[in-house]
Amino acid sequence: MRFLVQRVNKASVEVDGEIIGKIEKGFLVFIGISETDDRIIADKMVKKLIGLRIFDDENDKINLDLKSVGGQLLLISQFTLYADCKKGNRPSFVNAGAPEMANAIYQYIIEQCRKEIPIVEEGKFGADMKVSLQNDGPFTIILDSSEICH
């Protein structure tokens, strides 16, 4: 599982010309799910995400987590995080989870995040989405379950 986490001042996602998810200060998270991922891995990744201390404290030190700043979440499924570009110029996505399984885990991640964070918005799995954001920093982190869960 891979989370590409961007600290944002605001972000939104649009499908068919309609904004379906919108947040202010918080994290925009692109979520890639592989064939080998499960709920146990999802739980560990959500715990790491919620605990990330990448907001400034009163001394301008990067020391505060999402809850401490009243941050919000916008969660977007993105199978392209599992693009394999080793051969040729056209990426392969064979390592991405099958849609039905990946969507089930994506929905589970959303549920788990909502237990911890009051405002959790989401994209639409499998849809053509237009994502807008104002990156704060910029500050972007990649969380990879192969590093976090093993």
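Cysteine 85 is exposed, at a relative accessible area of 53%, whereas cysteine 113 is buried, at 0%; buried means under 20% relative accessible area, exposed over 50%, and partly exposed in between, with a 1.4 Å probe and protein chains only. A search of the whole structure for disulfides returns 0, a disulfide being a pair of cysteine sulfur atoms within 2.5 Å. The model is a predicted one, in which local features need pLDDT of at least 70 and side-chain atom pairs count only at pLDDT 80 or more, while totals for chains, interfaces and linings use all residues. Residues are numbered from 1 along each chain as its sequence is written, and side-chain values use heavy atoms, with hydrogens and water left out.

On a 1 Å grid over the protein atoms alone, a pocket is an open set of points where a 1.4 Å probe fits, with protein on both sides within 12 Å along at least five of seven lines; lining residues have an atom within 4 Å of a point. The largest pocket has a volume of about 340 Å³, where volume is the space filled by probe spheres set on grid points joined across faces, edges and corners. Its lining comprises 19 residues, and Ser77, Gln78, Phe79, Gly126 and Met129 lie nearest the centre. At least two lining residues come from each of β3 (26–32), β6 (72–77), α2 (99–116) and β8 (129–144); helices (H or I, at least four residues) and strands (E, at least two) are DSSP runs numbered from the N terminus. The largest share, 3 residues, belongs to β3.

Which aromatic rings pair? The count is 3 aromatic pairs, with ring centres of Phe, Tyr and Trp (its six-membered ring) within 6.5 Å; planes under 30 degrees apart count as stacked, over 60 as edge-to-face and the rest as tilted. Phenylalanine 27 and phenylalanine 55 are stacked, because their ring centres lie 5.3 Å apart and their planes stand at 10 degrees. This pair joins distant parts of the chain, 28 residues apart, with phenylalanine 27 in β3 and phenylalanine 55 in β4 (residues 55–56). Phenylalanine 27 is buried at 0%, and phenylalanine 55 is buried at 2%. Phenylalanine 79 and phenylalanine 93 form an edge-to-face pair, because their centres are 5.0 Å apart and their planes at 75 degrees. Phenylalanine 93 is partly exposed, at 32%.
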